[in-house]
Amino acid sequence: MVRDSPEMPQDVLLDIFALLEIPDLIRAGSVCSTWRSAYTTLCSQPELYKRPQTPCLFYTSDSAGENAACLYSLAEKRFYSLTLPDPPIRSRYLIGSSHGWLVTADERSELHLVNLITGQQIALPSVITNESVKPIFDDAGTINEYELSEPMHDYDLDIQYLGHYETIHALDKLRDFFYFKTFIFPDPSTGSYIIVLIHGRSLQISFARVGDCKWTLLPPGWDYQQCIYMDGLLYAFTRFGRVDTFDLTGPTFTMNTITDDMKNYIRGCMYVVQAPCGNLLQVRRDYELIDTDDNKVTRETQKISFYKVDLAAKELMEMKYLHDQVLFLGYNQSQYLNAKDFPQLKPNCVYFTDDESCVSKYKNNCRDIGVLNLENDTREEILPQLWCSWPSPIWITPSLTRMNWSCTNT
C-alpha cells in the first residue's frame, strides 16, 4: 500500500517523524527507502528531533544472551530487545543513566558510556587517572591490581580528618568499593556534556568534560549523595544537609558552601531534582525490610516524601502532592516530568527502581521496582518480575544523541 501511494515530500515526512517516540520512529524507517531516508536524516541531525521521550525500563535476560539489552516501553507496554557492543552488558555494573546514555563499569572497573539506540559506546577516562587510584603492575608490566587511597573522617568529631586509608583490590572488585553514582549534565557553554562521578567511601567528586583524558578531582569535600548542574554551577548535596557549589566554567574550581546544614533536614535515601519552574526539590525514599520465602531480606519502597529547597532560608518545605507531575527515581538521574506531555504515565506518582549502592552483594534478590501513588501511598507493580535481577534494572530515556569523545588534553 505504501509503494502504491504518492510519496510525501521529505520535509513533511520529517515533520511527522519528529513527533514519534523512538521505537515508532525506528519501525517507520524500515517501511520503504523514502521513509528510511527521512529516518536517517533525523538520526544524523538529532536537533530536528525534539519529541520528548517516555522513559523505559532497561534490564537483561538470561535467555536473550550476554550482549542483549531489554527495554520495557511504558508508552507502549511492550518489550524490545537490542544488541550492545562488548564487553557483555551482563558482566557490567550500571552506575547511572541520563540523556539516553547508560554509564557502565566493566570487569576491569573501567567506565563506558553506551547509547542503547545508536549502539555507540565511549570509553571514559581510565580509572587510574583518578587521583585516588594507583595501578599495581606484575612482573610482565601488566596491571593486575589497584591501590585505592582515600581520606578518612570522624563524623563524631566534627568530620575531623584522620589521614588516608589504603586498600588493594582486584581489577573486577574495585568497582564494588569505588563507584557510587554518576551523572551526565548538558554543558551549555560548550554545547556538550560533563560527566560527574561520586566515588569512594568518602564520597568525593571527580568530573570529566567530553574530550578529557583524565578525571579532575574537585576541591576537598566528602559525603556527597546527589548533584545537579545549573547555570554553570555544580550543586552537591551531603546526607547531613550541607550544600556546596563548584564553578566548572573556569580554569580553576573553587568550592563555596551555600549552607552548612538545613534547619529541618531529613536524613535518609535522598534525591535532588529540578522542577520545570526552576525550583529544586529534595526527595526522600523510605523502605521496609521484607523477609522472603528463601530466607533473604529485601528492601521494599513504602513511602516517598518531597520538599522544596529554600537555599536562602536554609530550610526544606514539605509538599503534599505532585499534582500533574511524575517522578522517576533509582540509579538513573532523577527525572521530573509533566504527565500531560506523557499520556501513558500516571500523574502524582513516582516510578522507582533499586538504588542500593551495594546491590552487587545481593545479585539474586528480587528488585525493588514499582509505581507509588502519592495520593494514598499505594504501590503497584509495573510488570511481573520475569527478568534477570542483574545488572539491576534502571530507567533510561531513549535518545539519538551521539558524542565525539577524542582526548584533547594530556
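Biologist: How many cavities of 30 Å³ or more does the structure hold?
Modeller: On a 1 Å grid over the protein atoms alone, a cavity is a set of points where a 1.4 Å probe fits but cannot get out. Points are joined across faces, edges and corners, and a volume is the space filled by probe spheres set on them. Here there are four such cavities. This is a predicted model, where local features need pLDDT of at least 70, side-chain atom pairs count only at pLDDT 80 or more, and totals for chains, interfaces and linings use all residues. Residues are numbered from 1 along each chain as its sequence is written, and side-chain values use heavy atoms, without hydrogens and water.

Biologist: What lines the second largest cavity?
Modeller: Lining residues have an atom within 4 Å of a point. This cavity, of about 50 Å³, has 10 of them, with Ile 266, Met 270, Gln 282, Val 283 and Arg 284 nearest its centre. The largest share, three residues, comes from β20; strands are DSSP runs (E, at least two residues), numbered from the N terminus.

Biologist: And what is the volume of the largest pocket?
Modeller: A pocket is an open set of points with protein on both sides within 12 Å along at least five of seven lines. The largest pocket has about 990 Å³. Its lining counts 41 residues, and Ser 98, His 99, Pro 186, Gln 333 and Gln 335 lie nearest the centre.

Biologist: Which strand gives the most to that lining?
Modeller: That is β15, with five residues.

How values were computed:
Helix = DSSP H or I, 4+ residues; strand = E, 2+ residues; numbered from the N terminus.
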